[in-house]
Amino acid sequence: MIGFQHYLLLAALLFGIGLLGIVFKRNAVALLMSVELILNAVNINLVAINKYVLGGSGLGQLFALFVIVVAAAEVAVGLALIINIYRLKKSSDVDDFNILKW
Amino acid sequence: MMREILASVSIFDIVFVAIAGFTLLCALAMILFNNIVHSMVAMIFCFLGIAGVYFTMDAGFIGMVQIMVYAGAISVILIFAFMVLMSRDPARSNRYSPRKGSILAGFFASGIIAAMLGYAIIATEFPVSGLPDAEVNQMEVIADLMLGSYVIPFEAAAILLLVAVIGAILLAKGVEKDR
(Lines give C-alpha, C1' and ligand atoms only; values in the text may rest on other atoms or scores of the structure.)
Protein backbone atom coordinates (compact mmCIF):
# COMPACT_ATOMS: atom_id res chain seq x y z
CA MET A 1 0.00 0.00 0.00
CA ILE A 2 2.83 2.37 0.80
CA GLY A 3 4.37 3.36 -2.51
CA PHE A 4 6.30 5.94 -4.45
CA GLN A 5 3.93 8.82 -3.76
CA HIS A 6 4.14 8.42 0.01
CA TYR A 7 7.91 8.83 -0.11
CA LEU A 8 7.51 11.90 -2.31
CA LEU A 9 4.93 13.33 0.11
CA LEU A 10 7.27 12.77 3.06
CA ALA A 11 10.04 14.56 1.16
CA ALA A 12 7.73 17.46 0.29
CA LEU A 13 6.73 17.86 3.95
CA LEU A 14 10.36 17.79 5.09
CA PHE A 15 11.16 20.40 2.42
CA GLY A 16 8.35 22.61 3.73
CA ILE A 17 9.59 22.29 7.31
CA GLY A 18 13.14 23.16 6.26
CA LEU A 19 11.92 26.20 4.34
CA LEU A 20 9.89 27.32 7.38
CA GLY A 21 12.99 27.07 9.53
CA ILE A 22 15.04 29.14 7.11
CA VAL A 23 12.45 31.90 6.98
CA PHE A 24 11.65 32.31 10.67
CA LYS A 25 14.80 31.41 12.62
CA ARG A 26 17.48 34.01 13.19
CA ASN A 27 20.45 31.93 14.35
CA ALA A 28 22.94 31.33 11.53
CA VAL A 29 23.69 27.77 12.72
CA ALA A 30 19.96 26.99 12.79
CA LEU A 31 19.70 28.19 9.20
CA LEU A 32 22.48 25.76 8.18
CA MET A 33 20.57 22.97 9.96
CA SER A 34 17.42 23.82 7.99
CA VAL A 35 19.39 23.76 4.72
CA GLU A 36 20.59 20.28 5.66
CA LEU A 37 16.97 19.22 6.19
CA ILE A 38 16.08 20.42 2.67
CA LEU A 39 19.03 18.52 1.18
CA ASN A 40 17.86 15.40 3.02
CA ALA A 41 14.39 15.80 1.52
CA VAL A 42 16.01 15.89 -1.93
CA ASN A 43 17.96 12.73 -1.09
CA ILE A 44 14.78 10.88 -0.11
CA ASN A 45 13.33 11.81 -3.51
CA LEU A 46 16.43 10.59 -5.32
CA VAL A 47 16.51 7.24 -3.53
CA ALA A 48 12.74 6.74 -4.03
CA ILE A 49 13.08 7.50 -7.75
CA ASN A 50 15.95 5.03 -7.92
CA LYS A 51 13.75 2.31 -6.50
CA TYR A 52 10.38 2.98 -8.14
CA VAL A 53 11.13 4.70 -11.48
CA LEU A 54 14.64 3.65 -12.48
CA GLY A 55 14.04 0.07 -11.36
CA GLY A 56 17.04 -0.09 -9.04
CA SER A 57 19.69 0.96 -11.56
CA GLY A 58 21.66 2.61 -8.76
CA LEU A 59 21.86 6.04 -10.45
CA GLY A 60 19.60 7.71 -7.89
CA GLN A 61 21.61 6.35 -4.98
CA LEU A 62 24.83 7.51 -6.63
CA PHE A 63 23.40 10.99 -7.05
CA ALA A 64 22.27 10.99 -3.41
CA LEU A 65 25.85 10.19 -2.41
CA PHE A 66 27.12 13.18 -4.39
CA VAL A 67 24.51 15.39 -2.71
CA ILE A 68 25.77 14.17 0.70
CA VAL A 69 29.37 15.01 -0.28
CA VAL A 70 28.44 18.51 -1.42
CA ALA A 71 26.35 19.04 1.74
CA ALA A 72 29.31 18.08 3.93
CA ALA A 73 31.55 20.54 2.07
CA GLU A 74 28.86 23.22 2.39
CA VAL A 75 28.56 22.73 6.16
CA ALA A 76 32.34 22.93 6.64
CA VAL A 77 32.72 26.16 4.67
CA GLY A 78 29.51 27.68 6.02
CA LEU A 79 30.50 27.10 9.64
CA ALA A 80 33.97 28.55 9.00
CA LEU A 81 32.31 31.66 7.57
CA ILE A 82 29.92 31.90 10.54
CA ILE A 83 32.80 31.58 13.03
CA ASN A 84 34.69 34.29 11.17
CA ILE A 85 31.73 36.68 11.18
CA TYR A 86 31.21 35.88 14.87
CA ARG A 87 34.74 37.14 15.58
CA LEU A 88 33.86 40.39 13.85
CA LYS A 89 30.35 40.94 15.24
CA LYS A 90 30.28 38.90 18.51
CA SER A 91 26.91 37.52 17.45
CA SER A 92 25.55 34.53 15.54
CA ASP A 93 22.30 36.30 14.68
CA VAL A 94 21.79 36.80 10.96
CA ASP A 95 20.12 40.18 11.61
CA ASP A 96 23.53 41.45 12.74
CA PHE A 97 25.29 40.21 9.60
CA ASN A 98 24.91 43.39 7.58
CA ILE A 99 28.57 44.08 6.83
CA LEU A 100 28.02 43.85 3.07
CA LYS A 101 25.40 46.64 3.28
CA TRP A 102 26.23 50.32 3.40
CA MET B 1 -15.08 -1.32 4.88
CA MET B 2 -12.94 -0.83 7.94
CA ARG B 3 -11.97 -4.48 7.92
CA GLU B 4 -10.93 -4.32 4.25
CA ILE B 5 -8.68 -1.36 4.93
CA LEU B 6 -7.18 -3.12 7.91
CA ALA B 7 -6.63 -6.28 5.88
CA SER B 8 -4.70 -4.38 3.21
CA VAL B 9 -2.30 -2.84 5.75
CA SER B 10 0.93 -4.79 5.89
CA ILE B 11 3.61 -4.66 8.57
CA PHE B 12 5.76 -2.64 6.12
CA ASP B 13 3.13 0.10 5.98
CA ILE B 14 3.03 0.36 9.76
CA VAL B 15 6.83 0.56 9.91
CA PHE B 16 6.93 3.23 7.22
CA VAL B 17 4.23 5.35 8.87
CA ALA B 18 5.98 5.06 12.23
CA ILE B 19 9.38 6.06 10.83
CA ALA B 20 7.96 8.87 8.69
CA GLY B 21 5.92 10.25 11.58
CA PHE B 22 8.93 10.13 13.88
CA THR B 23 11.07 11.93 11.27
CA LEU B 24 8.49 14.65 10.69
CA LEU B 25 7.96 15.16 14.44
CA CYS B 26 11.70 15.50 15.03
CA ALA B 27 12.02 17.91 12.10
CA LEU B 28 9.22 20.08 13.51
CA ALA B 29 10.80 19.95 16.97
CA MET B 30 14.13 21.01 15.46
CA ILE B 31 12.47 24.04 13.92
CA LEU B 32 10.36 25.02 16.92
CA PHE B 33 12.70 24.66 19.93
CA ASN B 34 14.02 27.91 21.37
CA ASN B 35 17.17 26.31 22.78
CA ILE B 36 19.56 25.39 19.99
CA VAL B 37 21.04 22.47 21.93
CA HIS B 38 17.58 20.85 22.07
CA SER B 39 17.20 21.71 18.41
CA MET B 40 20.39 19.84 17.60
CA VAL B 41 19.34 16.72 19.52
CA ALA B 42 16.06 16.74 17.56
CA MET B 43 18.10 17.16 14.36
CA ILE B 44 20.20 14.06 15.12
CA PHE B 45 17.04 11.98 15.70
CA CYS B 46 15.55 13.41 12.50
CA PHE B 47 18.63 12.31 10.52
CA LEU B 48 18.43 8.85 12.10
CA GLY B 49 14.76 8.68 11.06
CA ILE B 50 15.71 9.60 7.50
CA ALA B 51 18.29 6.79 7.56
CA GLY B 52 15.40 4.50 8.57
CA VAL B 53 13.43 5.74 5.55
CA TYR B 54 16.37 4.75 3.34
CA PHE B 55 16.42 1.31 4.95
CA THR B 56 12.75 0.82 4.05
CA MET B 57 13.69 1.50 0.42
CA ASP B 58 16.38 -1.24 0.36
CA ALA B 59 19.05 1.48 0.18
CA GLY B 60 21.17 0.12 3.02
CA PHE B 61 24.40 1.73 1.86
CA ILE B 62 22.91 5.23 1.65
CA GLY B 63 21.33 4.63 5.06
CA MET B 64 24.67 3.78 6.62
CA VAL B 65 26.31 6.79 4.94
CA GLN B 66 23.46 8.93 6.26
CA ILE B 67 24.07 7.71 9.82
CA MET B 68 27.83 8.18 9.60
CA VAL B 69 27.95 11.51 7.73
CA TYR B 70 24.80 13.27 8.90
CA ALA B 71 23.95 11.83 12.31
CA GLY B 72 27.67 11.50 13.09
CA ALA B 73 30.00 13.96 11.42
CA ILE B 74 27.82 16.90 10.42
CA SER B 75 25.96 16.92 13.75
CA VAL B 76 29.25 16.89 15.68
CA ILE B 77 30.63 19.74 13.57
CA LEU B 78 27.47 21.78 14.10
CA ILE B 79 27.47 21.14 17.86
CA PHE B 80 31.18 22.00 18.17
CA ALA B 81 30.72 25.16 16.16
CA PHE B 82 27.84 26.19 18.32
CA MET B 83 29.78 25.53 21.50
CA VAL B 84 32.33 28.04 20.17
CA LEU B 85 29.63 30.59 19.38
CA MET B 86 27.47 29.98 22.49
CA SER B 87 26.14 33.16 23.98
CA ARG B 88 25.45 33.52 27.69
CA ASP B 89 21.83 32.45 27.57
CA PRO B 90 21.32 29.11 25.75
CA ALA B 91 17.59 29.10 26.46
CA ARG B 92 17.11 31.94 23.98
CA SER B 93 19.89 30.95 21.61
CA ASN B 94 17.62 29.86 18.76
CA ARG B 95 15.01 32.59 18.79
CA TYR B 96 12.37 33.30 16.18
CA SER B 97 12.53 36.27 13.93
CA PRO B 98 11.43 39.37 15.89
CA ARG B 99 9.31 40.54 12.98
CA LYS B 100 5.79 39.09 13.06
CA GLY B 101 5.48 39.52 9.28
CA SER B 102 8.46 37.28 8.69
CA ILE B 103 6.95 34.44 10.73
CA LEU B 104 3.61 34.79 8.94
CA ALA B 105 5.32 34.91 5.57
CA GLY B 106 7.30 31.80 6.48
CA PHE B 107 4.17 29.80 7.36
CA PHE B 108 2.44 31.13 4.26
CA ALA B 109 5.26 30.43 1.81
CA SER B 110 6.27 27.02 3.11
CA GLY B 111 2.64 25.95 3.57
CA ILE B 112 1.75 26.94 0.02
CA ILE B 113 4.85 25.27 -1.44
CA ALA B 114 4.28 22.04 0.52
CA ALA B 115 0.58 22.02 -0.43
CA MET B 116 1.37 22.60 -4.11
CA LEU B 117 4.02 19.87 -4.12
CA GLY B 118 1.65 17.50 -2.32
CA TYR B 119 -1.19 18.19 -4.75
CA ALA B 120 1.13 17.70 -7.73
CA ILE B 121 2.43 14.43 -6.29
CA ILE B 122 -1.08 13.07 -5.63
CA ALA B 123 -2.49 14.23 -8.97
CA THR B 124 0.35 12.88 -11.11
CA GLU B 125 0.38 9.36 -12.52
CA PHE B 126 3.99 8.26 -12.17
CA PRO B 127 5.32 5.71 -14.67
CA VAL B 128 6.31 3.12 -12.10
CA SER B 129 8.53 0.56 -13.76
CA GLY B 130 9.29 -2.86 -12.36
CA LEU B 131 10.67 -2.93 -8.87
CA PRO B 132 14.29 -4.07 -8.51
CA ASP B 133 14.75 -7.68 -7.54
CA ALA B 134 15.98 -8.05 -4.00
CA GLU B 135 18.70 -10.48 -5.11
CA VAL B 136 20.87 -7.75 -6.63
CA ASN B 137 23.43 -6.32 -4.24
CA GLN B 138 22.79 -2.56 -4.32
CA MET B 139 26.25 -1.73 -3.03
CA GLU B 140 27.86 -3.64 -5.89
CA VAL B 141 25.74 -1.69 -8.37
CA ILE B 142 26.76 1.65 -6.82
CA ALA B 143 30.43 0.66 -6.74
CA ASP B 144 30.31 -0.35 -10.41
CA LEU B 145 28.76 2.99 -11.36
CA MET B 146 31.02 5.05 -9.12
CA LEU B 147 34.30 3.56 -10.32
CA GLY B 148 33.03 2.91 -13.88
CA SER B 149 31.04 5.42 -15.91
CA TYR B 150 30.95 8.03 -13.15
CA VAL B 151 34.59 7.97 -12.08
CA ILE B 152 35.22 11.60 -13.12
CA PRO B 153 32.38 13.03 -10.97
CA PHE B 154 33.67 10.80 -8.18
CA GLU B 155 37.17 12.28 -8.41
CA ALA B 156 35.73 15.77 -8.77
CA ALA B 157 33.77 15.21 -5.54
CA ALA B 158 37.00 14.12 -3.83
CA ILE B 159 38.77 17.30 -4.99
CA LEU B 160 35.77 19.37 -3.89
CA LEU B 161 35.97 17.89 -0.39
CA LEU B 162 39.72 18.56 -0.21
CA VAL B 163 39.29 22.15 -1.36
CA ALA B 164 36.40 22.67 1.08
CA VAL B 165 38.39 21.33 4.04
CA ILE B 166 41.46 23.46 3.23
CA GLY B 167 39.25 26.51 2.65
CA ALA B 168 37.39 25.94 5.92
CA ILE B 169 40.67 25.68 7.87
CA LEU B 170 42.02 28.86 6.26
CA LEU B 171 38.76 30.74 6.86
CA ALA B 172 38.37 29.64 10.47
CA LYS B 173 42.02 30.37 11.31
CA GLY B 174 41.49 34.03 10.55
CA VAL B 175 44.02 36.71 9.62
CA GLU B 176 47.19 37.10 11.64
CA LYS B 177 47.15 40.51 13.27
CA ASP B 178 50.88 41.42 13.34
CA ARG B 179 51.76 41.53 9.68
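What radius of gyration does chain A have, and what value would a compact globule of 102 residues have? The points below take up this question and then describe the rest of the predicted model.

1. Overall form of chain A. Chain A has a radius of gyration of 17 Å, whereas a compact globule of 102 residues would have one near 13 Å. Along its principal axes, the C-alpha trace of this chain spans about 55 × 25 × 20 Å. Chain A contains three helices and zero strands, and its pattern along the sequence reads α-α-α.

2. Burial and contacts in chain A. Of the 102 residues of chain A, 56% count as buried. Where contacts in chain A join residues at least 6 apart in sequence, 47% of them link residues at least 24 apart.

3. Overall form of chain B. Chain B holds seven helices and zero strands, in the order α-α-α-α-α-α-α along the sequence. Its radius of gyration is 22 Å, while a compact globule of 179 residues would have a value near 16 Å. The C-alpha atoms of chain B fill a box of roughly 75 × 50 × 25 Å, taken along the principal axes.

4. Burial and contacts in chain B. In chain B, 24% of the 179 residues count as buried. Among contacts in chain B between residues at least 6 apart in sequence, those that join residues at least 24 apart make up 56%.

5. The interface between the chains. Chain B gives 77 residues to the contact, and chain A gives 61 residues. On the side of chain B that touches chain A, at least two residues each come from α2 (11-32), α3 (36-56), α4, α5 (100-123), α6 (138-147) and α7 (151-173). Helix α5(B) supplies the largest share of that side, with 14 residues. By class, the side of chain B that touches chain A comprises 58 nonpolar, 16 polar and three charged residues.

6. Helix α2 of chain A. At 1.5 Å a residue, the 25 residues of α2(A) should span 36 Å, and the end C-alpha atoms of this helix are 37 Å apart, which agrees. Helix α2(A) is mostly covered, as 19 of its 25 residues are buried.

7. Packing of α2(A) with α4(B). The axes of helix α2 (residues 28-52) of chain A and helix α4 (residues 60-85) of chain B come within 11 Å and cross at roughly 175 degrees. The two helices are therefore roughly antiparallel. From α2(A), the residues A:V29, A:L32, A:M33, A:E36 and A:V47 take part. They meet B:I62, B:I74, B:L78, B:A81, B:F82 and B:L85 in α4(B). This contact has 10 nonpolar, no polar and one charged residues.

8. Packing of α3(A) with α7(B). Helix α3 (residues 59-89) of chain A packs with α7(B) at an angle of about 10 degrees, the axes being 8 Å apart. Helices α3(A) and α7(B) are therefore roughly parallel to each other. On α3(A), the residues in this contact are A:F66, A:V69, A:V70, A:A72, A:A73, A:A76, A:V77, A:A80, A:L81, A:I83 and A:N84. Their partners on α7(B) are B:P153, B:A157, B:L160, B:L161, B:A164, B:V165, B:G167, B:A168, B:L171 and B:A172. By class, the residues of the contact divide into 19 nonpolar, two polar and no charged.

9. Residue B:I121. This residue belongs to helix α5 of chain B. B:I121 has 17 other C-beta atoms within 10 Å and is therefore partly exposed. Apart from neighbours within four places in sequence, B:I121 is in contact with A:Q5, A:L8, A:L9 and A:A12.

10. Residue B:D58. Which backbone angle deserves a check at B:D58? B:D58 has a positive phi of about 60 degrees although it is not a glycine. Most residues other than glycine have a negative phi. B:D58 is placed in the loop between α3 and α4 of chain B. With 19 other C-beta atoms within 10 Å, B:D58 counts as partly exposed, because a residue is buried if 20 or more such atoms lie within that distance.

Key: Residues numbered from 1 in each chain as written. Chains lettered and ligands numbered in written order. Predicted model: local features only at pLDDT ≥ 70, side-chain atom pairs only at ≥ 80, totals over all residues. Axes fitted to C-alpha atoms, helices over the stretch in contact; angles between N-to-C directions. Helix = DSSP H or I, 4+ residues; strand = E, 2+ residues; numbered from the N terminus. Parallel < 35°, antiparallel > 145°, perpendicular 65-115°, else oblique. Contact = placed C-beta atoms within 7 Å. Nonpolar A, V, L, I, M, F, W, Y, C, P; charged D, E, K, R; others polar. Expected span 1.5 Å × (residues − 1). Buried ≥ 20, exposed ≤ 12 C-beta atoms within 10 Å, placed from the backbone. Rg over C-alpha atoms; globule rule 2.2 N^0.38 Å.
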